[in-house]
Amino acid sequence: MEMKKPYSIEEQEEIMEISSSSSPSSLRSRFGCQGGVGIIFQFRQSPFSLSVQPMPALTQTQTVTVTVHPNKKKKKKSSSAITTTFSAKKALELIHHQPSQSDIHSSLSALAPTLTVKDLNSIMHHFATSNTFHHISQLFSWMQQNNKLDVSSYSHYMRFMANQLDAPSMLQLYNSIPHQTAKNNVYLCNSVLRCIIRKANFDTAIKLFQQMKQDGLIPDVVTYSTLLSGCIKIKDGYPKALELIQELQHNKLKMDDVIYGATLAVCASNNKLLEAEYYFNQMKNEGHSPNVYHYSSLLNAYSACGNYKKADRLVQDMKLEGLVPNKVILTTLLKVYVRGGLFEKSRELLSELKSLSYAEDEMPYCVLMDGLAKAGQIQEAKSIFNEMMKNHVRSDGYAHSIMISAFCRAKLFGEAKELAKDFEATFNKYDLVMLNTMLCAFCRAGEMESVMETLRKMDKLAISPDYNTFNILIKYFCKEKMYLLAYRTMEDMHSKGYQPVEELCSSLIYHLGQVNAYSEAFSVYKMLKYSKRTMCKALHEKILRILVAGKLLKDAYVVVKDNATSISRPATKKFARVFMKLGNINLINDVLKTLHGCGFKIDQDLFEIAVLRYLGEPEKKDLLLHLLQWMPGQGYVVDSSTRNLILKNSHLFGRQLIAEVLSKQLVNSRAQKSG
């Protein structure tokens, strides 16, 4: 069965759209994806997150109606009645007749003795259907103050206010629930997790889930399908999804069509084609009938590698099952053809989409344009763009961004700038995604003037840079050998809370070292080290060599001390020799002990250099004596030349004391040889 409006989130609250396209797009904000063609999948409805039919006024008993997804067999469900009592009706009348409806507390307080929790929950439903979210917030606040809440109150409030509250506020609200029994309610927990995941805070949701289980939560299949939906949005989400599936099975819960739908979507978003096919076949083997959501997910997995033969067979199988390909299916198939290089077939399918009124927005045009542009067929891509403009297709600017990038790759900078001006005139606005697209294009082309003009435009429009902006600029400045400017950009990036990737940091560290910007290189190293990202072991040795070259020996010592096992013996030896000669004399003994503790065998040359340093500063005699006393216990003895040097200068340290220390060393040396 075909959906009427595949992209309508309003009609299908539980549908999310994802994509594996890497093209930047202003559609990200609309569809919550990375651009390109979306695929959709079903979410399960929990009893405490039911769709409510519009209620113009609470004047009679009204019911909550369960939304049944397309292609799913309808089951008879008992409706949950919302009865409007006299008190609730009276409260609403008072609220509506207030001179100012900015504060509803006075109306509620007037009827406080007669208002039950059920009354208040029904009033909350009324506010939700009339989209008066400020009233919902005031009502809930009053309910908290008057201790008139139940689990349903919290669950409904979290669902209704999901778009108004950020993840920390939602988490704070959950933690404020006074009774642990209520906090362990699976329906409430599912609502909380779902809201947090919708705010793209998957890590927070997983940590909360683990805490919920420790506190007594018994998760159900809705819990797992909710968490699986979050795996779609994160990088490398498949391993985490696999853990959740294994945990679900360990808890004796069975995978159903909703779980399979979420799993297939995760596989598609992570380019796991074989895994997607495995779960699709397993689903059918277990007796579940795939619907358009399952087919669209598997089709999207085929699009990652442009496997049009399998995609065509899948669509035919779908038709044999009595399912009619909808807008999402056909648009995803278009992406498969484009990825497979079948541009003529792609044009034919685009014509079919237009005949079905499925090409009223820019997405299918953009899919074909992007493929043509990346294949070097710039004029063909431009003709599709012109056709789209001629047909007055709805656009958010994604088509402009594709063509601007394409023109810049082809070094057609004049056309790129003209199109950028056309975008500004057409939409009378710039968003961050578009500016990043232009910035990337100009940087790739080496158009410094255009780069700076774009940055000035961002500043003028008060558009704050994001991770992509900083990443683009740092790479560009490195390419132009403006390494200190790249460093300052990375500093700004770090101060804004964005964590640079290791590859970029490593490259910048190397180049800063080449231009003798040693302290700046170490600063970048620390940014990476203290971030949550992993570090390649070779990077520790790279920064050590830079610090030694720059004579930043105290910092070099910290690197060796923390990462000795990741640094080669030649690099360690070079550091040790330089430190013995030029490092802080007060740290010489500490360095030698640290090296020994890390398994580095200290040779006589290092001891001789250390002794010479101490002989040059007689006031450090205690450090020399401490070193000489430490050596025998670790199997070290000064050689004859160093011993003679010490004896020659023993008057500086006390002849008798030096003689005793060296005598003990000699005795230990003979004992070791005889042993």
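Is S395 buried or exposed? S395 is buried, with a relative accessible area of 19%, where buried means under 20% relative accessible area, exposed over 50% and partly exposed in between, with a 1.4 Å probe and protein chains only.

The model is predicted, so that local features need pLDDT of at least 70 and side-chain atom pairs count only at pLDDT 80 or more, whereas totals for chains, interfaces and linings use all residues. Residues are numbered from 1 along each chain as its sequence is written, and side-chain values use heavy atoms, with hydrogens and water left out.

**Overall composition**

The chain has 675 residues, of which 53% count as buried. Its secondary structure consists of 36 helices and 4 strands; helices (H or I, at least four residues) and strands (E, at least two) are DSSP runs, numbered from the N terminus. Among contacts with a separation of 6 or more, 65% are accounted for by residues 24 or more positions apart, contact being defined as heavy atoms within 4.5 Å. The accessible surface of the chain is about 31800 Å², and 51% of this belongs to carbon and sulfur atoms; the areas come from the Shrake-Rupley method with a 1.4 Å probe, and for residues only the protein chains shown count as cover.

**Nonpolar core**

The largest nonpolar core holds 205 residues. Such a core is a set of buried Ala, Val, Leu, Ile, Met, Phe, Trp, Tyr and Cys residues joined through side-chain atoms within 4.5 Å. L139, M369, I543, L544, F575, F579 and M580 touch the most other members. Leaving aside neighbours within four places in sequence, F579 is in contact with L553, K554, Y557, N584, L587, I588, V591 and R613.

**Two helix pairs**

Axes are lines fitted to C-alpha atoms, for helices over the stretch in contact, and angles run from 0 to 180 degrees between N-to-C directions.

| Helix pair | Axes come within | Crossing angle |
|---|---|---|
| α28 (residues 518-529) and α29 (residues 537-549) | 9 Å | roughly 155° |
| α21 and α22 | 8 Å | roughly 165° |

α21 is therefore roughly antiparallel to α22. Angles under 35 degrees count as roughly parallel, over 145 as roughly antiparallel, 65 to 115 as roughly perpendicular and the rest as oblique. The crossing of α21 and α22 is left-handed, a term for a near helix turned anticlockwise from the far one by less than a right angle, with clockwise giving right-handed. On the α21 side the contact is made by H400, M403, I404, F407 and C408, and on the α22 side by F413, E415, A416, L419, A420, D422, F423 and F427.

α28 and α29 are likewise roughly antiparallel to each other, and their crossing is left-handed. Y518, A521, F522, Y525 and L528 of α28 meet L539, H540, I543, I546, L547 and A549 of α29. I543 is also among the core residues that touch the most other members.

**Loop residues**

S395 lies in the loop between α20 (378-390) and α21. Not counting residues up to four places away in sequence, S395 touches E362, M388 and F427. The C-alpha atoms of S395 and E360, 35 residues apart along the chain, are separated by 9.2 Å.

Most residues other than glycine have a negative phi. K411, in the loop between α21 (398-409) and α22 (413-427), has a positive phi near 65°. K411 is exposed, with a relative accessible area of 60%. A462, located in the loop between α24 (448-460) and α25 (467-479), has a positive phi of about 55°. A462 counts as exposed, at 66% relative accessibility.
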